Amino acid sequence: MVVLADPGHVAQGGRAVVAGSGVDAREIYHAGHPKGTAYDGRVETANAAIARPQRFRVTGGARLAGDVQVTGAKNSVLKLMAAALLAPGVTTLSEVPDILDVTIMSELLRRLGCGVHRDREAATVTIDVPQKVEHRADYDLVRRMRASIAVLGPLLARTGEADVALPGGDAIGSRPLDFHIAGLLKMGATVENEHGFIVAKAKQLTGATIWLDFPSVGATENLVMAAVLADGCTEIDNAAREPEIVDLCVMLGHMGAQIEGAGTSTIVIVGVDSLRPVSHTTVADRIVAGTWAMAAAMTLGDVTVHNANPAHLEIALDKLVTAGATVDRVDDGFRVMMDRRPTAVDAVTLPFPGFPTDLLPMALALNAVASGTAMVTENVYESRFSFVNELARLGADIRTDGHHAVVRGRPLLSGAPVTTPDIRAGAGLVIAGLVAEGETIVSEIHHIDRGYPKFDEQLRVLGAKIVREDDPAAGFG
Ligand code: EPZ
């Protein structure tokens, strides 16, 4: 058993982030963190979850069947939590997914002076925003979760200053923030890069017309949140149209913001003097729902996905029909049935309403076991194919060239140890393991816990053979 001496020890032993300031690693351990559960919502335990690397042991061959419930979207709830900063008082969010990223955003808001209370049973988070909020978002949290950048717009709008650590790139791309910065400069802010921080200042932001070179989700969200308290009218052209953008704008509208055009390429915001806190229900997670749909098709299964909006997944579900699946709408979601080996289907990722880039790993995994050859094209991130080598370890026949991948389907993959480079690739590797012969060991699964609530438990309910265990290869046990 490893006895943790001091925070720095964690970093050495567990490939984890250095424990945040004020976190005593000994306290974590002695709290007797139960084995097998990811975390209990506090960032200390998030460190523990990462400091105790776990892995999935997946035995292939199971056919997924049954019902699965989707909760709120990670890529919406994190921005809704940041938007709460725009109004002093108590904001309550429901349909909050039980994921690591919500833990990290909760901690980020606490450090900005907010009271944050999560109720896991009720899947709610209550954020009590003080009159005076801090304006600095620390590196130890931002580097763990890029979505922390979503506090930039609200902090600048509320306090006139925002110091947000630069998140840097990750496994799927360099992910610069130039569109965010260019938009804020247009609204009259000064923006400097100081010691690894974006330091943005503006006594009063002013409305402006902003053209985005690419319909960036993050830039659209940050600029909308900056514009709601600005002086005058802001027009964002070539804006992102994702359902998560609409969800954010609906919440801001209930807070008293004046926004037109959410969900279209042109969003117009007329600034107001102040906003009020509200209660809001997070939109369902279309990427988690899409992952279940793909997994059902790959395993020749029959899965009904509840609390999912098929309209948010139209092109992905259509691809499954082309691959041979039957997709039926049900009252609160959809049902996917597949009774024969999928047929290879091409996919081209694009901003919404195009095929979501976050389902690319699932599209590659589906085509890896389909009959025929498919071309899968990635248009959003330059390094999203980086995990193809892990799929190849399972015997997938995939050749990449720039942002194209040619996938030659094989009747069966073969189980092997693989490593998760990011959230979606991790889910793709697990479902590929479901259709591989023998065992697949998927390590670094804290990435998956960041975006998929209770992934292994839900898979077991659907009949999958999957176990979560400590990862001895990472030096524990
Ligand atoms: C959001 O990321 C999601 N993350 C991503 O999901 C998702 O892949 C992405 O939108 C696209 O749908 C969250 O919402 C937390 P972008 P975001 O700004 O906002 C380039 C997941 O697994 N760009 O739309 O960072 C950028 O590099 C994650 O849940 C600039 O060049 O995405 C990328 O190539 C992964 N300059 C493209 O635009 C900028 O200033 C799209 O990025 C901003 C973006």
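Helices, at least four residues long, and strands, at least two, are taken as DSSP runs and numbered from the N terminus. In the predicted model described here, helix α10 is followed by Gly-256, a residue with a positive phi near 110°.

Helix α10 covers residues 243-254. Its 12 residues should span 16 Å at 1.5 Å a residue, and the distance of 17 Å between its end C-alpha atoms agrees with that expectation. Pro-243, Glu-244, Ile-245 and Asp-247 are buried residues of α10, as are Leu-248, Cys-249, Met-251 and Leu-252. An α-helix has 3.6 residues a turn, so residues three or four places apart point the same way.

A disulfide is a covalent bond between the sulfur atoms of two cysteines. With a pair of cysteine sulfur atoms required to lie within 2.5 Å, the count of disulfides comes to 0.

At the level of the whole protein chain, the secondary structure consists of 17 helices and 26 strands. The chain has 477 residues, of which 59% are buried. Among contacts with a separation of 6 or more, 73% are made by residues 24 or more positions apart. The accessible surface of the chain comes to about 18,000 Å², and carbon and sulfur atoms account for 51% of this area.

The ligand is surrounded by 21 residues, the closest being Asp-178, Ser-216, Val-217, Asp-358 and Val-380. For Gly-218, the distance between a backbone N or O atom and an oxygen atom of the ligand is 2.8 Å. On its own the ligand has 830 Å² of accessible area, and the protein covers 88% of that area. Two or more residues of the shell around the ligand come from each of the helices α4 (74-83), α8 (178-186) and α9 (217-227).

Technical notes
Residues numbered from 1 in each chain as written. Predicted model: local features only at pLDDT ≥ 70, side-chain atom pairs only at ≥ 80, totals over all residues. Heavy atoms only, no water. Buried < 20%, exposed > 50% of the residue type's maximum accessible area, 1.4 Å probe, protein only. Contact = heavy atoms within 4.5 Å. Areas by Shrake-Rupley, 256 points an atom, 1.4 Å probe, with all protein chains shown as cover. Expected span 1.5 Å × (residues − 1). Near = heavy atom within 4 Å. Polar contact = N/O pair within 3.5 Å; in protein donor to acceptor, adjacent residues only side chain to side chain.
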